Amino acid sequence: WILPSGRELTVGESYGRVEVLQNGSLLVNNAIPSDAGSYKVIVTSEAGTDGSTVTPVVVVPTKFVTVAKDKILVSGQPEAPSPDGTVIVPTGSNFSMTCSASGSAPVDLSFTRDGILVVPNDRIRIDVKDENTKTLIIENMMTEDVGNYDCSVVNEGDAEETGVYIFVDDGPKIRRAPSRPIEDVPDGSKVFIGRENVTVVKGETLEIACNASGIPR
């Protein structure tokens, strides 16, 4: 065998991570991109000599570059996910997440929501810096935008994904109900639900129920 460097190896010989096996095969251990090149095999017998050239391509598996804190923005400000990977986004704000990947080209980098490919529309777009760096941008966030958002990368060698869970907070709300007394309270007191004025006899117990929603509670 003749290596790309021009060095010749015969059966049983080795050079660094490269060796020629007893059956004549060439073995490159722990291949890296710099191992790519033209390898020529020469076979000699009493009938003559023949040769052939092999050009391997070393594929590097995809690897995500960790998404930095300032790569997740809510209305232009950096937002770090909580320990469980959640990002709380107020309704009406803008959200963006930049993902970068490294690995042998071609690299297919895409965004999914709950496992479904994100399709751009009038509020959602994907900005492309290059084939290895893309940014998902969602404007005017709505409660229906809640979900798991992942950036996925694939090449011939591997596939990886990472992402966050987006919770869209529409602000604190008091949930109203018609004012009415509840008579079946164990201690005999009356509970009123609602905002209307109520009359309570002196000495009675009054309990005012408040049903609210929001983050944090």
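This is a predicted model: local features need pLDDT of at least 70, side-chain atom pairs count only at pLDDT 80 or more; totals for chains, interfaces and linings use all residues.

Me: Ok, so where does D127 fall, and what's its relative accessibility?

Reply: D127 counts as partly exposed because its relative accessibility is 33%. It also forms a salt bridge with R125, with the closest N and O atoms 3.3 Å apart. A salt bridge here is a side-chain nitrogen of Lys or Arg within 4 Å of a carboxyl oxygen of Asp or Glu.

Me: Why would those pair up at all?

Reply: In general, side chains of opposite charge can pair when their charged atoms come close.

Me: Which other residue does R125 meet in a salt bridge?

Reply: That would be E139, and the N to O distance between the two side chains is 3.0 Å. R125 sits in strand β13 and E139 in the loop between β14 and β15, so this pair ties together parts that are 14 residues apart in sequence. Salt bridges with shared partners join R125, D127 and E139 into one network. R125 is partly exposed, at 36% relative accessible area, and E139 is partly exposed too, at 33%.

Me: How many salt bridges are there in the whole structure?

Reply: A search of the whole structure finds four. One of them joins the side chains of R123 and D145, at 3.0 Å from N to O. That pair links distant parts of the chain, 22 residues apart: R123 is in the loop between β12 and β13, and D145 is in the loop between β14 and β15.

Me: Are R123 and D145 buried or exposed?

Reply: Both R123 and D145 are buried. Across the chain, buried residues make up 27% of the 217 residues.

Me: Switching topic: what about T133?

Reply: T133 is found in strand β14, residues 133-138. It counts as buried because its relative accessibility is 15%. Its side chain makes a polar contact with the side chain of S100, at 3.3 Å. A polar contact is a pair of N or O atoms within 3.5 Å; within protein, one must be able to donate a hydrogen and the other to accept it, and residues adjacent in sequence count only if both atoms are side-chain atoms.

Me: Which residues does T133 touch?

Reply: Leaving out residues up to four places away in sequence, T133 touches T98, C99, S100, L109, D127 and V128. Contact means heavy atoms within 4.5 Å.

Me: How many helices and strands does the chain have?

Reply: Zero helices and 21 strands. Both are DSSP runs, numbered from the N terminus: helices are H or I with at least four residues, strands are E with at least two. Five strands form an open sheet in the order β9-β16-β15-β11-β12, with mixed pairing. The edge strands are β9 and β12, and each pairs on one side only. Two strands pair if DSSP finds at least two bridges between them.

Methods:
Residues are numbered from 1 along each chain as its sequence is written. Side-chain values use heavy atoms; hydrogens and water are left out. Buried means under 20% relative accessible area, exposed over 50%, partly exposed in between (1.4 Å probe, protein chains only).
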